[in-house]
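Please examine the sequence and the structure shown below. The report that follows describes how the parts of the chain are arranged.

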Amino acid sequence: MPKRVQSPSSINTYKQCPRRYFYQYIIKYPTKANIHTVRGNIVHEALEKFFSVDISTFNDESFKKELSFFMKNLFDACWAGASNRLHKLGIDDERISFYYDESTQMLANWLNHLFDGLENEMKQSDLSLQEAFRKLKPIELEKEFKDKELMVRGFIDVIHKDGDDIILVDYKTSKSSELKDEYLLQLGIYAMLYEKQHGKYPVKVGLWFLKDKPVMLKVTPKLIKDALFEVEQIHFATESERIGDYPKKESGLCRWSTGQCDFYDICTRER
Ligand code: SF4
């Protein structure tokens, strides 16, 4: 049986519940969209498109106001473009409006960090606004990496270059800014995927917790070794196509106060 292509998210699903992995990645039952994934996609889209802004006409006095205005319009357009997906979720307008407001706050927080970075570059390195913007602008956005040897793929939200150093960043819209094991695995995998394609590891990897702040880590041999171990484990554990080889792991992820696992109904009918 050839190896399956894995991703940080498939590995995490397996670790949460092998049976859930079986339904999602082997049988390929469809999963349902939820407000967190739809909102996350909209925020990612706005952040990706933001760097297309033409900074050349902005000046030192008004750039904050103008960039905020640009981001607000961009986000509103992305939100409007997702209106069908949002309404299909079947949640009330009040809740949708809560997520809209929360998302605008996240983007304002992200912009404030960018403003600090721009001002810092302008003062410390004596750069013009346009030069500072070019320096902080990512070299790539939403880049897919796939490696045939590792049989892993992943989407890296942001790739920055600082001199010769490469820094990979993933945006998170999650409630908590805790650096969970699943995030360390994701970052380790991204560092490996980058190295496979470019022949050198990034110097840092990090998560931009949009409700809070960015958290950066040095890429260490341990980060890579742990990620490689998990990749080898998942390939070994998912060779089979028999349901019995994917045990149920019951937890709070089966059912909670406002929802349930996408496969709850079928799962409770099968042994
Ligand atoms: S309902 Fe629970 S045990 Fe069943 S697949 Fe979902 S998470 Fe796993």
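At what angle do helix H1 and H8 pack, and how far apart are their axes?

## Helix H1 against helix H8

The model discussed here is a predicted one. Helix H1, which covers residues 8-16, packs with H8 at an angle of about 145 degrees, and the two axes are 10 Å apart. Two packed helices are described by these two quantities, the angle between the axes and the distance between the axes. The crossing in which H1 passes H8 is right-handed.

On the side of H1, the contact is made by Pro-8, Ile-11 and Asn-12, while H8 contributes Glu-182, Leu-185, Gln-186 and Ile-189. Sorted by class, the residues of this contact between H1 and H8 are four nonpolar, two polar and one charged.

## Two domains

The domain assignment divides the chain into two domains. Domain 1 is made up of the segments 8-24, 138-238 and 255-269, whereas domain 2 consists of residues 35-136. A distance of 23 Å separates the C-alpha centres of domain 1 and domain 2.

The contact involves eight residues from domain 1 and ten residues from domain 2. On the side of domain 1 that touches domain 2, four residues are nonpolar, one is polar and three are charged.

## Helix H4 against helix H6

H4 passes H6 in a crossing that is right-handed.

From H4, the residues in this contact are Lys-64, Leu-67, Ser-68, Met-71, Phe-75 and Trp-79. From H6, they are Tyr-100, Ser-103, Thr-104, Leu-107, Leu-111 and Phe-115. The contact of H4 with H6 comprises eight nonpolar residues, three polar ones and one charged one.

## The sheet and its strands

In which order do the five strands of the open sheet stand? The order is E1-E2-E3-E4-E5, and the pairing is mixed. E1 and strand E5 (214-218) are at the edges and have a single partner strand each, so one side of each is left without a neighbour in the sheet. On average, and with direction ignored, neighbouring strands of this sheet are turned by 35 degrees against each other.

Strand E1 (residues 140-147) and strand E2 (residues 152-162) run antiparallel and are joined by seven bridges. Two of the residues with bridge partners in E2 are Leu-141, which is paired with Val-158, and Lys-143, which is paired with Ile-156. E2 also pairs with strand E3 (residues 165-172), again in the antiparallel sense, over five bridges. In E3, Leu-168 is the bridge partner of Ile-159, and Asp-165 is the bridge partner of Asp-162. E4 and E5 pair in the antiparallel sense as well, over five bridges. Here Lys-204 has Lys-218 in E5 as its bridge partner.

Helix H8, residues 181-198, lies across E1, E2, E3, strand E4 (204-209) and E5. The direction of H8 is at about 80 degrees to E2.

## The surroundings of the ligand

Which residues surround the ligand? They are Cys-17, Arg-19, Arg-20, Lys-248, Lys-249, Glu-250, Leu-253, Cys-254, Cys-261, Phe-263, Tyr-264 and Cys-267. Helix H2 (18-26) and helix H10 (264-269) each supply at least two residues of this shell.

By class, the shell around the ligand contains seven nonpolar residues, no polar residues and five charged residues.

How values were computed
Residues numbered from 1 in each chain as written. Predicted model: local features only at pLDDT ≥ 70, side-chain atom pairs only at ≥ 80, totals over all residues. Domains from an automatic or database assignment. Contact = placed C-beta atoms within 7 Å. Nonpolar A, V, L, I, M, F, W, Y, C, P; charged D, E, K, R; others polar. Left-handed = near helix turned anticlockwise from the far one by under 90°. Helix = DSSP H or I, 4+ residues; strand = E, 2+ residues; numbered from the N terminus. Pairing = 2+ DSSP bridges. Axes fitted to C-alpha atoms, helices over the stretch in contact; angles between N-to-C directions. Near = placed C-beta within 6 Å.
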